[in-house]
Amino acid sequence: MSALMLIGLGAIGWSSYSLFAGKGYYKGCPPGGYDRERDPFGFWAPTIIIFCVGLFAILVSLKLIPPHPRQ
């Protein structure tokens, strides 16, 4: 398993845990994390971004999306 695959799985796991727990623990967050109901933008924006980065990393590691061509 490549490092990129592990990073992707970790990112998807982290965003899934945030969805399950209802709290987002991200850098710069208030103590206790961002709550889904009290601060929806602070919760949803990083969660969706982290999920997309994880999905992209997995697709690149499986070679379904070609990496940047080297010249």
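View 1. Once its neighbours within four places in sequence are set aside, I58 is in contact with M5, G8, L9 and I12, where contact means heavy atoms within 4.5 Å. The structure is a predicted model, in which local features need pLDDT of at least 70 and side-chain atom pairs count only at pLDDT 80 or more, whereas totals for chains, interfaces and linings use all residues. Residues are numbered from 1 along each chain as its sequence is written, and side-chain values use heavy atoms, with hydrogens and water left out. With a relative accessibility of 13%, I58 counts as buried; buried means under 20% relative accessible area, exposed means over 50%, and partly exposed lies in between, with a 1.4 Å probe and protein chains only. I58 and G10 are separated by 48 residues in sequence, and their C-alpha atoms are 10 Å apart in space.

**View 2. The buried face of helix α1.** Helix α1 has 19 residues and reaches 27 Å from its first C-alpha to its last, close to the 27 Å expected at 1.5 Å a residue, the expected span being 1.5 Å times one less than the number of residues. Its buried residues are M5, G8, A11, I12, S15 and S18. Viewed down the axis of α1, these buried residues fall within an arc of 160°, so they line one face of the helix; the arc is that of the directions from the helix axis to the C-beta atoms. The buried residues of α1 pack against β1 and α2, while the face turned away from this buried side carries the exposed residues A3 and F20. After α1 comes G22, whose phi is positive, near 80°.

**View 3. The buried face of helix α2.** Helix α2, residues 40-61, has 22 residues and reaches 32 Å from its first C-alpha to its last, close to the 32 Å expected at 1.5 Å a residue. The buried residues of α2 are G42, F43, T47, I50, G54, A57, I58, V60 and S61. Seen down the helix axis, the buried residues of α2 lie within an arc of 165°, so they line one face of the helix. These buried residues pack against α1, β1 and β2, and on the other side of α2, F41 and I49 are exposed.

**View 4. F43 and T47 in helix α2.** F43 lies in helix α2 and is buried, with a relative accessible area of 0%. Leaving aside neighbours within four places in sequence, F43 is in contact with S18, L19, G22, K23, G24, Y26, Y34, D35 and R36. The C-alpha atoms of F43 and H68, which are 25 residues apart along the chain, are separated by 31 Å. T47, also found in helix α2, is buried as well, with a relative accessible area of 2%. Residues up to four places away in sequence not being counted, T47 touches S15, S18, L19 and Y26.

**View 5. The salt bridge between K23 and D35.** The count of salt bridges comes to 1, by the rule that a side-chain nitrogen of Lys or Arg lies within 4 Å of a carboxyl oxygen of Asp or Glu. K23 forms a salt bridge with D35, the closest N and O atoms being 3.7 Å apart. The pair links distant parts of the chain, with K23 in strand β1 (residues 23-24) and D35 in strand β2 (residues 34-35), 12 residues apart. K23 is partly exposed, with a relative accessible area of 23%, whereas D35 is buried, with a relative accessible area of 14%.

**View 6. A nonpolar surface patch formed by M1, L6 and L9.** Together, M1, L6 and L9 have about 360 Å² of accessible area, as given by the Shrake-Rupley method with a 1.4 Å probe, where for residues only the protein chains shown count as cover. Patches are made of residues with over 30% relative accessible area and no salt bridge, like charges being joined within 9 Å and nonpolar side chains (Val, Leu, Ile, Met, Phe, Trp, Tyr) within 5 Å. M1 is placed in the segment before α1 (3-21) and counts as exposed, at 77% relative accessibility.

**View 7. K63 in the segment after α2.** Just after α2, K63 takes a positive phi of about 65°, a positive value in a residue other than glycine. K63 is exposed, with a relative accessible area of 70%.

Key
Helix = DSSP H or I, 4+ residues; strand = E, 2+ residues; numbered from the N terminus.
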